[in-house]
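Thank you all for coming. I would like to walk you through one model this morning, going from its loops and helices to its charged pairs and its rings.

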Amino acid sequence: MRSSEHITERTSAQEALRKGEERFRVLVGSSPNAVVLAAADGSITLVNRQAEAMFGYSREELLGRKVEMLVPERFREHHPSYRAGFVAAPQQRAMGAGRDLFALLKDGSELPVEIGLTPIEMPEGLLTMATIIDITKRKRQEAELARTAAELARSNEDLEQFARVVSHDLQEPLRVINSHLRLVNRRLAEGLDVETRQSVDFVIDAAARMQALIRDILAYSRVGRQGRGFVQTDMEAVVRFAISDLAVSIEKCGASIQYGRLPTVTADSTLMLQLLQNLLGNAIKYCAEGNRPEITVGAREERGGWLFWVKDNGIGIDPEDAQRIFQMFQRLHARGEYPGTGIGLSICKKIVEYHGGRIWVESRVGEGSTFFFTIPERP
Ligand code: ADP
């Protein structure tokens, strides 16, 4: 090869390099984020306009100075060792994983930021490209959200405390009323006329209903406060327990309950039992007259957890009512038709949501109902 060819080759290689560098500068310049490039020793070699605007320094004031000038005083001491760590094992990553990062501006104020680091090989050595994003707005929104969540939790707590205290304190006098009424009724039954006896029966019935209501409100307010915490829960065993608790009503109406293989999930096992007792209890109760309840319980693995269902061949539900039955005291039938307080499904909803899942029903009047709920995997 002749020496002139050598020179031409070298010049075109230099030309390509120069062009590459030029393109890189244009790219950095057009980035919507602030970008600062620093050499291995921490001296700033390139900044874009966004960085100038963010930090309040001109390009001339930044070039050649150490990046530490953009780091608040209290973090400055450790910065060179972090920088050295990055140069020793250069790979693209977010800076300060888990730490709150702040940028120091020329006027002395600070900005919460997120910083991405990218190593860039240049002929003059390894450069670190830092992309800096101002996250003041996000931080403010996060703080706002945390405050609202805390307020909500507090007012929920107050409400639950109120429900718990009231229902607990009401239980006692009601028990007294109920038992003494029964006593009086037994003693006076002979001497009472039909109308008066009917009145006494109404009062006894009302007191029993009120007891059931208070018991259910108490159960509702207790969801998530009294359990054993999240443990490995064998859902097949839970279903078996629920069935044995419901043995009397199952026998009375000749219900059949089938279940396939059910998984073990991380859940509060007491609450899972309560959930299945409620759903199976309803599946047995809301059966068309003269029919035998046929119920199946199943589960399927889904992305991020498990989907369970309880399917019955009962009276069904108008899709229009499918949402409201999960609200407290919402019932679709008169008490005389089917007994109940209208709290069972709101307890189910609270239990499922406590586990981070969802509950819903798919049904049509006269075609049975399928209640679905999800239990997400816990990390
Ligand atoms: P309760 O059974 O005490 O009335 P729930 O909250 O458990 O209260 O249920 C609310 C309403 O949803 C019930 O009154 C009933 O109308 C309807 N429902 C619940 N489960 C079923 C079901 N398996 N089949 C048909 N209707 C149901």
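This is a predicted model: local features need pLDDT of at least 70, side-chain atom pairs count only at pLDDT 80 or more; totals for chains, interfaces and linings use all residues.

Let me begin with a term: helices (H or I, at least four residues) and strands (E, at least two) are DSSP runs, numbered from the N terminus. Residues are numbered from 1 along each chain as its sequence is written, and side-chain values use heavy atoms, with hydrogens and water left out.

Back to that loop, then. F329 is not a glycine, and yet it has a positive phi of about 65°. As background, most residues other than glycine have a negative phi. F329 is also partly exposed, with a relative accessible area of 45%; here buried means under 20% relative accessible area, exposed means over 50%, and partly exposed is in between, with a 1.4 Å probe and protein chains only.

Just after helix 11, G356 takes a positive phi of about 80°.

How many aromatic pairs does the structure hold? There are five, where rings of Phe, Tyr and Trp (its six-membered ring) pair if their centres lie within 6.5 Å, and planes under 30 degrees apart count as stacked, over 60 as edge-to-face and the rest as tilted. One of them is F308 with F373, a stacked pair at 5.1 Å centre to centre and 10° between the planes. Because F308 lies in strand 11 (residues 305–311) and F373 in strand 13 (residues 369–376), this pair ties together parts that are 65 residues apart in sequence. Both F308 and F373 are buried. The rings of W360 and F372 are stacked as well, with centres 5.3 Å apart and planes at 15°. Here W360 lies in strand 12 (residues 359–363) and F372 in strand 13, so the parts tied together are twelve residues apart in sequence. F372 is buried, at a relative accessible area of 14%.

Now to the charged pairs. The structure holds 16 salt bridges, each being a side-chain nitrogen of Lys or Arg within 4 Å of a carboxyl oxygen of Asp or Glu. D100 forms a salt bridge with K139, the closest N and O atoms being 3.2 Å apart. Since D100 lies in the loop between strand 3 (93–94) and strand 4 (101–104), and K139 in helix 6, this pair ties together parts that are 39 residues apart in sequence. D100 counts as partly exposed at 48% relative accessibility, and K139 counts as partly exposed at 29%. These two also belong to a network of salt bridges that links D100, E114, R138, K139 and E142.

Two further bridges deserve a mention. The side chains of D321 and R324 meet in one (3.2 Å, N to O), in which D321 counts as buried at 17% relative accessibility, whereas R324 counts as partly exposed at 30%. R300 and E302 meet in another (3.7 Å, N to O), with R300 partly exposed at 45% relative accessibility and E302 partly exposed at 34%.

Let me end on helix 6, which spans residues 136–188 and contains F162. Is F162 buried or exposed? At 57% relative accessibility, F162 counts as exposed.
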